[in-house]
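Please look through the structure below, and then follow the explanation with the model in view.

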Amino acid sequence: MRTIVIYKSKTGFTKKYAEWIAKDLAGDLYEASKATENMLESYDTIIYGGGLYASGINGVKLIQKNLNVLKEKKVIVYATGASPGRKEEMEGVVNRNFTVEEQKHIQFFYLRGGYNHRLVKSFDKILMALLKFRLKSKKQLTPDEKGMLAAYDMPVDFTRKSNIEALVHYASSTK
């Protein structure tokens with residue numbers, strides 16, 4: 001069974017997971033900008049990873065626009081983010097990123113990543129500064145919001161190789 005792992009990573013957390021997954025599954029590894037539709041057709045298992053930004057999975061359109069070609073293949077999408085990834089939040093992420101029909105063909109996983117303000121590009125720094133300002137102006141913060149404010153000034157990395165176990169198990173199981 002041929003496996004390809006494709007990723008789009010702004011800060012390195014998604015890439016780190018992609019490298020671990022590709023190694024564990026003996027799969028080929030590509031950055032999303034290098035992946036083509038023809039390439040996807042030659043694999044049995046397609047795994048795509050992207051960071052979460054305002055509930056959107058970075059670069060997931062690569063999978064969405066090629067899903068008609070991939071319907072008979074095992075398609076896995078994982079997203080990374082700094083939040084703990086509570087079930088109800090992740091259901092919202094899936095519903096915002098995939099139609100009901102797309103969800104029938106995609107298995108989704110959330111892998112907790114991290115946040116490092118020094119690794120973020122200028123545009124994202126502006127957005128994060130706005131978020132920080134908005135959070136600081138709130139009277140009462142949720143634990144996740146408090147964590148986000150703390151991470152803004154002090155980098156956090158929640159990546160753990162053990163986080164990929166369920167994804168790797170699913171990918172290596174028969175369809």
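Y17 and W20 are 3 residues apart in helix α1, and are therefore separated by about one helical turn; helices here are DSSP runs of H or I with at least four residues, strands are runs of E with at least two, and both are numbered from the N terminus. Y17 is buried at a relative accessible area of 0%, whereas W20, at 22%, is partly exposed (buried means under 20% relative accessible area, exposed over 50%, and partly exposed in between, with a 1.4 Å probe and protein chains only).

This is a predicted model, in which local features need pLDDT of at least 70 and side-chain atom pairs count only at pLDDT 80 or more, while totals for chains, interfaces and linings use all residues. Residues are numbered from 1 along each chain as its sequence is written, and side-chain values use heavy atoms, with hydrogens and water left out.

Another aromatic residue, F109, forms a tilted pair with Y170, at 6.1 Å centre to centre and 55° between the planes (rings of Phe, Tyr and Trp, the last by its six-membered ring, pair if their centres lie within 6.5 Å, and planes under 30 degrees apart count as stacked, over 60 as edge-to-face and the rest as tilted). Because F109 lies in strand β6 (residues 106–112) and Y170 in helix α8, the pair ties together parts that are 61 residues apart in sequence. F109 is buried, with a relative accessible area of 14%, while Y170, at 29% relative accessibility, counts as partly exposed.

Elsewhere, N66 has its place in helix α3 (residues 61–70), and at 2% relative accessibility N66 counts as buried.
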